[in-house]
Amino acid sequence: MDEVILGTVVTPTGPIPNGWLAIENDRIAAIGTGAPPQARASFDAGAGFIIPGVIDGQTHAGSYGGLPGIASTTRSAVAGGVTTIVDMPYDNPAPLNTLERLNDKTAAIAEHAHANVALYGTVMPGQDMSSVLPLIEGGVVAFKISGFESSPTRFPRIAADQLLDLFEALAPTHVPLGIHNEDQEIVRARIARARAAGHNGIEAHSSSRPLAAEQASTAHFLELGALSGAHAHIVHLTSARGFHLVETYRRDGFRATGELCVHYLWFDPDRDGELGARMKVNPPIRPGQIEKLWADVVEGRVAFVSSDHSSWPIDNKFTPSIFDAGAGVPGLETLLPAFYTGAVQRNLDALTLTVSQLCERPARFFGLWPEKGALQPGADADIAILSPEPMVWDESKAHDELNWSPFHGRRFDCRVTRTYVGGKLAWNGTDIVNQPGDGRYAPRRASQWFA
């Protein structure tokens with residue numbers, strides 16, 4: 001074998017204490033107990049847990065620095081135990097909406113990536129559906145559109161007639177369509193009202209993009225998805241009300257899912273207002289939702305948890321008004337420790353819940369299972385070692401070239417001590433040790449969320 005890792009191996013059937021995992025080439029060759037096979041190298045994880053590499057189902061690697069941003073984003077990923085990112089299509093200067101742009105991005109992955117990269121595709125306003133099948137055949141794992149226009153070229157709004165066309169094009173497939181779920185007319189009117197009243201702090205952010213705007217967009221999207229027979233996915237829900245709405249559609253037999261980002265499980269503007277724009281995301285973090293959202297995770301209403309990592313620099317946040325500050329936060333190195341710690345704090349089965357929400361479920365959702373998302377013979381050797389050692393997160397030590405975080409100074413109950421990508425050591429607990437291009441393009445394969 002190339003390497004044997006000793007420790008508690010977390011498999012789909014449960015943890016194996018005093019176990020071992022053997023790597024040969026880029027795959028997991030065997031898992032067992034007792035005497036391990038001979039190998040050219042070995043590592044003893046000690047009290048650490050050997051888990052599948054995390055699949056972060058929502059990142060924005062190219063939103064600021066363009067396709068070369070894949071380099072710093074995936075460096076941060078492997079330092080956080082993330083072995084596959086699922087990257088959104090809204091790259092700078094143009095989104096991934098054609099086969100040509102897909103080829104450009106896969107070439108950038110081959111050149112820059114330290115972690116594996118799966119890709120969302122999209123369509124632009126007025127674009128016909130002829131590009132949808134070629135993108136699917138090219139391996140995109142999902143599509144995404146927005147109900148709110150942040151940029152007419154890079155992040156446009158897709159009108160209802162085109163949205164229905166896209167749903168109908170995707171209906172015969174297992175490929176989900178996601179949405180940034182905010183109603184444009186409500187949001188723009190409420191922001192104008194707040195500006196006129198002189199409300200410029202973080203406390204005005206949620207009320208200016210109210211839950212009504214989020215739910216109106218969500219309900220409209222879910223109904224069009226249901227009537228077209230396609231898989232409708234909400235990429236970030238901020239309230240228990242949202243997850244219950246999605247669950248209603250699912251129980252009625254429609255393909256509907258909702259995703260949660262980890263910052264909604266940690267922050268509350270009524271408690272953490274001192275963070276200001278450092279906690280500004282869209283849709284907003286809402287007051288009084290944390291425990292309700294944890295209940296949705298435990299009760300299975302959340303498809304999976306992601307980071308929604310944004311590659312915007314901190315200077316983007318330094319504005320007099322919250323409405324002019326950029327939205328989005330870095331999150332690749334804090335996703336795993338933040339989720340695990342939150343589960344520990346609530347006396348949940350943190351290890352099982354973490355592997356389910358951050359590894360197994362996104363792998364199934366994006367068609368990457370069983371090659372990714374589980375430790376089992378034949379699977380890709382994408383592995384993280386999670387040690388139950390407390391740490392305080394220091395934003396200056398992040399590997400994303402951004403070096404800021406709303407989690408700065410927060411205490412976590414674990415740290416990532418090793419990450420392997422395709423059988424190669426990528427993070428040794430201190431340094432990134434693999435090379436750009438060691439990460440691979442991860443196309444959608446056979447697995448599906450709705451059997």
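Two exercises on a predicted model follow, each with a worked solution.

Residues are numbered from 1 along each chain as its sequence is written, and side-chain values use heavy atoms, without hydrogens and water. In this predicted model, local features need pLDDT of at least 70 and side-chain atom pairs count only at pLDDT 80 or more, while totals for chains, interfaces and linings use all residues.

**Exercise 1.** Determine which strands pair with β1, and in which sense.

Solution.
1. Locate the strand: β1 covers residues 3–11. Strands are DSSP runs of E, at least two residues long, numbered from the N terminus.
2. Apply the pairing criterion: two strands pair if DSSP finds at least two bridges between them.
3. β4 (residues 41–52) pairs with β1 in the parallel sense over six bridges; E3 stands opposite A41 there.
4. β2 (residues 14–24) pairs with β1 in the antiparallel sense over eight bridges. I5 has L21 as its bridge partner in β2, and a hairpin of two residues joins β1 to β2.

**Exercise 2.** Describe the lining of the largest pocket.

Solution.
1. Take the definition: on a 1 Å grid over the protein atoms alone, a pocket is an open set of points where a 1.4 Å probe fits, with protein on both sides within 12 Å along at least five of seven lines; lining residues have an atom within 4 Å of a point.
2. Its volume, the space filled by probe spheres set on the points, is about 620 Å³.
3. Of the 28 lining residues, S150, N282, W312, G326 and A327 are the closest to the centre.
4. β5 (54–60) and α6 (203–208) each supply at least two lining residues.
5. Sort by class: nine are nonpolar, 14 polar and five charged, with Gly counted as polar.

Technical notes:
Buried < 20%, exposed > 50% of the residue type's maximum accessible area, 1.4 Å probe, protein only. Helix = DSSP H or I, 4+ residues; strand = E, 2+ residues; numbered from the N terminus.
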